[in-house]
Amino acid sequence: MAVNIEGSNEILIAYLTGELDHHCAGEIRKRIDSAVNEYKPSLLVLDFSDVSFMDSSGIGLVMGRYKLIHSLGGTLHVVNVSEQAHKVMCLAGLENLATISKSEV
Amino acid sequence: MEKSNEMKLTIESRSSNEGFARVAVAAFVAQLDPTIEEINDIRTCVSEAVTNCIVHAYKETLGKIYITVTLSDSSLVTVKIRDKGCGIEDVKQAMEPLFTTGGSERAGLGFAVMESFSDKISVRSKLGQGTTVTIRKKIQQRVRYA
């Protein structure tokens with residue numbers, strides 16, 4: 001799992017790649033949080049285009065980032081989510097916290 | 001229940017094995033010709049159960065995780081994931097959605113995901129002895145064209 005982050009103080013985009021599970025969630029969380037705390041963006045985007053698998057560790061990751069960006073007065077968008085990851089996110093009711101959009105395929 | 005095929009896998013409770021466990025079980029189940037959604041459901045359940053062994057059963061220690069997958073003639077997949085870790089004091093409470101002892105970054109939804117993504121799960125646990133999670137899922141027979 002890898003994350004590439006592009007940012008400004010308006011919009012910060014985290015491009016996630018690989019399988020999002022407990023093994024890698026901690027490292028991804030640290031990288032995103034450090035960028036969020038540096039830029040304090042008004043919009044945080046988690047791009048799931050290249051996430052091939054996600055379990056409930058991903059729910060913790062999205063919920064934790066929601067809390068952080070919300071505490072800074074910003075909003076969270078989760079984009080290009082696969083069917084599998086979408087099913088896991090909906091089970092947790094994440095669509096009530098963040099705007100979630102599925103991948104177009 | 002009639003048995004048609006079985007595999008056993010023992011792994012150490014290292015988080016780097018989570019992905020391996022998912023892939024190994026999915027590869028074995030593939031012979032039943034599941035849909036992508038069915039195989040993803042099984043991968044997700046295995047990931048949750050194995051993560052529980054690592055995060056909770058063998059917290060602060062290293063132990064073995066025993067995985068048995070049985071495929072029946074009627075395309076029923078049974079995945080047993082057993083540990084010899086600390087055990088669960090109150091299984092009913094542990095299975096409640098959002099209940100977690102894993103800190104703020106754990107959603108407490110592992111069992112909820114397993115329940116939702118399988119047909120049936122059962123959990124047996126003894127304090128100090130370990131836990132066995134059994135996940136059952138039927139693979140739908142599809143019409144095959146010659």
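# Exercises on a two-chain model

B:Ile67 touches B:Met7, B:Lys8, B:Leu9, B:Ile11, B:Ala21, B:Val25, B:Val50, B:Val79, B:Lys80 and B:Ile81, when residues up to four places away in sequence are not counted; contact means heavy atoms within 4.5 Å.

The model is predicted: local features need pLDDT of at least 70, side-chain atom pairs count only at pLDDT 80 or more, and totals for chains, interfaces and linings use all residues. Residues are numbered from 1 along each chain as its sequence is written, chains are lettered from A and ligands numbered from 1 in the order in which they are written, and side-chain values use heavy atoms, with hydrogens and water left out.

## Exercise 1: the core

Identify the residues with the most contacts inside the largest nonpolar core.

*Solution.* 
- A nonpolar core is a set of buried Ala, Val, Leu, Ile, Met, Phe, Trp, Tyr and Cys residues joined through side-chain atoms within 4.5 Å. Buried means under 20% relative accessible area, exposed over 50%, and partly exposed in between (1.4 Å probe, protein chains only).
- The largest such core has 72 residues, and A:Phe48, A:Val78, B:Ile67 and B:Val69 have the most contacts inside it.
- H2(B) gives the most to this core, namely 9 residues. Helices (H or I, at least four residues) and strands (E, at least two) are DSSP runs, numbered from the N terminus.

## Exercise 2: the interface

*Solution.* 

## Exercise 3: the pockets

*Solution.* 
- On a 1 Å grid over the protein atoms alone, a pocket is an open set of points where a 1.4 Å probe fits, with protein on both sides within 12 Å along at least five of seven lines; lining residues have an atom within 4 Å of a point.
- The largest pocket holds about 560 Å³ of space. Among its 31 lining residues, B:His56, B:Ile88, B:Ala94, B:Thr101 and B:Phe111 are the closest to its centre.

## Exercise 4: B:Arg22

Decide whether B:Arg22 is buried or exposed, and list its contacts.

*Solution.* 
- B:Arg22 lies in helix H1 (residues 18-29) of chain B.
- Because its relative accessible area is 1%, B:Arg22 is buried.
- Leaving aside neighbours within four places in sequence, B:Arg22 is in contact with A:Glu19, A:Asp21, A:Phe53, B:Arg43, B:Val46 and B:Ser47.

## Exercise 5: positive phi

Give the phi of B:Asp33 and of B:Glu60, and place each residue.

*Solution.* 
- Most residues other than glycine have a negative phi.
- B:Asp33 has a positive phi of about 60 degrees. B:Asp33 sits in the loop between H1 and H2 of chain B and is partly exposed at 34% relative accessibility.
- B:Glu60 has a positive phi near 65 degrees. B:Glu60 sits in the loop between H2 and strand E2 (64-71) of chain B and is exposed at 77% relative accessibility.

Definitions and conventions:
Points joined across faces, edges and corners; volume = space filled by probe spheres on them.
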